[in-house]
Amino acid sequence: MKTVNIGILGLGTVGGGTYEILDMNRELIEKRIGREIKVAKVLEKNTERLKALGLPEERATQDPDDILKSPDIDIVVEALGGIEPSTTFMLTAMENGKSVVTPNKAAVAANFAKLKKTAEENNVEFRFEASVGGGIPALTAITEALAGNEFTEVMGILNGTTNYILTRMTDLGLDYDEVLKDAQAKGFAEADPTADVEGIDVANKLSILMALAFDTYVPPEEIPTTGISKITMDDIHAAKEKGCRIKLIAQAKRDGDHLNYSVKPMEIPDSHPLAGVSNEFNAIYVTGNAVDEVMFYGKGAGALPTGSAIVGDILAIAKNL
């Protein structure tokens, strides 16, 4: 049985979740793809994290080149987050003949064309299913199962923090500041929630969705973006009176030869499938000229849901090696 060696950059929440899945489902994975997937090296200095995951210390390094330039590594999982040095690490890995998998929406959105071109030039794969919607396999569906469609619209709820806040405001009548504190206490919101509540995170994800669905790359900073921090209970009540719920929606819609796109709070009718997406769940709603309307729903974040998408990408690459 062929062994495929994996290098993981970062054993935080997502990197750790990826390792956990590869470990707990090892026999099932080997049976399904006819390959042994081995985590050969990890970039991690926290020995307690290694012990918690059951990884021997000799598999850890603090030198990225031990993974990026090693002839023994086949696939690199970049799970560090942020635009740099993550982008440079991914480019270096591909230039050294390694396929790359990442959940890093900020790096993918900021450098989409460069990362894709480098993969093509070096005859390796670059996959990033986990960068949009966590465990929801929407990107693979768009690029593979639905590839025969001309897409007319993509819209979705792409951030669990903001969806949790708006759900609690709507269902419990709590104001924004109160719910934000609750979300932070439960770990659904960061200490600095700016990227989530102001829509920055969602703009990154919409940029990626548009590049795949419409073959049109728009930098995240050029997407008109409004967050939820100014939503009041008056806004919530006004929407309810119309039979609607307020959701932070990423939307790109084809209008003839023009593509309209935005990230902003919208009043969604209760009859629309997206209105029922609550709390930290995400959903991506796609319209194609052949398939018509399709919605993908699930957990948009978390160690195992996001790790599930990463492992799916790893296995897709491993089968082709």
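1. Let's begin with the largest pocket, which has a volume of about 1000 Å³. Of the 40 residues lining the largest pocket, K105, E190, D201, A301 and G302 are the closest to its centre. A pocket here is an open set of points on a 1 Å grid over the protein atoms alone, where a 1.4 Å probe fits, with protein on both sides within 12 Å along at least five of seven lines; lining residues have an atom within 4 Å of a point. The volume is the space filled by probe spheres set on the points, which are joined across faces, edges and corners.

2. A word on the source. This is a predicted model, in which local features need pLDDT of at least 70 and side-chain atom pairs count only at pLDDT 80 or more, while totals for chains, interfaces and linings use all residues. Residues are numbered from 1 along each chain as its sequence is written, and side-chain values use heavy atoms, with hydrogens and water left out.

3. Which helix gives the largest share of the lining of the largest pocket? That is α12, with four residues. Helices are DSSP runs of H or I with at least four residues, and strands are E runs of at least two, numbered from the N terminus. The lining of the largest pocket comprises 15 nonpolar, 17 polar and eight charged residues. Asp, Glu, Lys and Arg count as charged; Ala, Val, Leu, Ile, Met, Phe, Trp, Tyr, Cys and Pro as nonpolar; and the others, Gly among them, as polar.

4. Do look at K205 in helix α12 (residues 200–213). K205 is buried, at 6% relative accessible area; buried means under 20%, exposed over 50% and partly exposed in between, with a 1.4 Å probe and protein chains only. Beyond its neighbours within four places in sequence, K205 is in contact with K105, S131, V132 and L158, contact being heavy atoms within 4.5 Å.

5. The second largest pocket holds about 310 Å³ of space. Among its 15 lining residues, K116, F126, R127, F128 and T143 are the closest to the centre. Helix α8 supplies the largest share of this second lining, four residues.

6. Finally, the rings: F112, F126, F128 and Y217 form one aromatic cluster. Rings of Phe, Tyr and Trp (its six-membered ring) pair if their centres lie within 6.5 Å, and planes under 30 degrees apart are stacked, over 60 edge-to-face and the rest tilted. Both F126 and F128 are buried.
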